[in-house]
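Hi there,

Here's the structure I promised to pass on. Have a look at it first, then read my notes below.

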Amino acid sequence: MGILGGNPKDEPLHYGEVFSVWSSLIADYGMISGYQTFYNHAGDEDLKKIIEDLIETCREEVKQLEKILKTNGIALPPASPERPVARLEDIPPGAKFNDPEISAALTADVAAGLVACSQAMGTSTREDVALMYGQFHMAKAQLGAKLLRLNKNKGWLVPPPLHVNYPEK
């Protein structure tokens with residue numbers, strides 16, 4: 001067997017894997033603090049629950065990503081500070097994100113995260129790294145489905161133009 005034929009955790013990370021893990025970690029740090037801010041602005045309880053799920057998902061990812069970097073002697077990126085809980089009523093009306101804006105931003109983040117996970121899976125040579133991103137991808141897909149359902153149920157979904165007139169055969 002060659003250099004990449006033993007226990008995946010004993011194999012070296014290649015530069016692409018290092019960049020993917022490091023980039024994912026700094027993105028998760030930013031999303032945690034950003035989602036805490038969104039939570040403070042959200043009024044809808046269903047949306048707040050999804051935000052909590054997203055924060056918890058990011059925290060779980062952070063644990064795994066930090067472990068890989070530390071194990072491989074790679075410095076961690078700077079983490080964003082945690083945001084304090086604020087009362088929605090204390091945020092001035094003109095400064096508030098509204099619930100549909102928050103949901104749209106979360107949906108875009110999840111979609112971008114799916115693409116990033118797919119790319120990391122496709123470029124990994126270590127099976128453990130590829131499988132980790134596969135797990136992240138699955139969790140994001142489930143959260144994306146929850147967001148889609150929420151957006152439809154609340155009337156927040158802004159669909160692209162719908163093609164309803166089919167040409168005659």
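Let's start with aspartate 128, which is buried, because its relative accessible area is 19% and the cut-off for buried is under 20%. Keep in mind that this is a predicted model. Aspartate 128 sits in helix H4, which covers residues 127–154. Its side chain makes a polar contact of 2.6 Å with the side chain of arginine 126. If you leave out residues up to four places away in sequence, aspartate 128 touches Pro8 and Lys9.

Next, the cysteines. How many disulfides does the structure hold? The count is zero. As a reminder, a disulfide is a covalent bond between the sulfur atoms of two cysteines. For cysteine 58, the closest cysteine sulfur is the one in cysteine 117, and at 10 Å that is too far for a bond; a disulfide needs the two sulfurs within 2.5 Å. Cysteine 58 is buried, with a relative accessible area of 3%. Cysteine 117 counts as buried too, at 3% relative accessibility.

Last, a pair of helices. Helix H1 (residues 15–41) and helix H3 (residues 99–123) have axes that come within 12 Å and cross at roughly 165°. Angles over 145 degrees count as roughly antiparallel, so that is how H1 and H3 run relative to each other. Their crossing is left-handed. If you want to find where they meet, look at the H1 residues Ser20, Met31, Tyr35, Phe38 and His41. On the H3 side, the residues they meet include Asp99, Ile102, Leu106 and Thr123.

Cheers!

Key: Residues are numbered from 1 along each chain as its sequence is written. This is a predicted model: local features need pLDDT of at least 70, side-chain atom pairs count only at pLDDT 80 or more; totals for chains, interfaces and linings use all residues. Side-chain values use heavy atoms; hydrogens and water are left out. Helices (H or I, at least four residues) and strands (E, at least two) are DSSP runs, numbered from the N terminus. Buried means under 20% relative accessible area, exposed over 50%, partly exposed in between (1.4 Å probe, protein chains only). A polar contact is a pair of N or O atoms within 3.5 Å; within protein, one must be able to donate a hydrogen and the other to accept it, and residues adjacent in sequence count only if both atoms are side-chain atoms. Contact means heavy atoms within 4.5 Å. Axes are lines fitted to C-alpha atoms, for helices over the stretch in contact, and angles run from 0 to 180 degrees between N-to-C directions. Angles under 35 degrees count as roughly parallel, over 145 as roughly antiparallel, 65 to 115 as roughly perpendicular and the rest as oblique. A crossing is left-handed if the near helix is turned anticlockwise from the far one by less than a right angle, and right-handed if clockwise.
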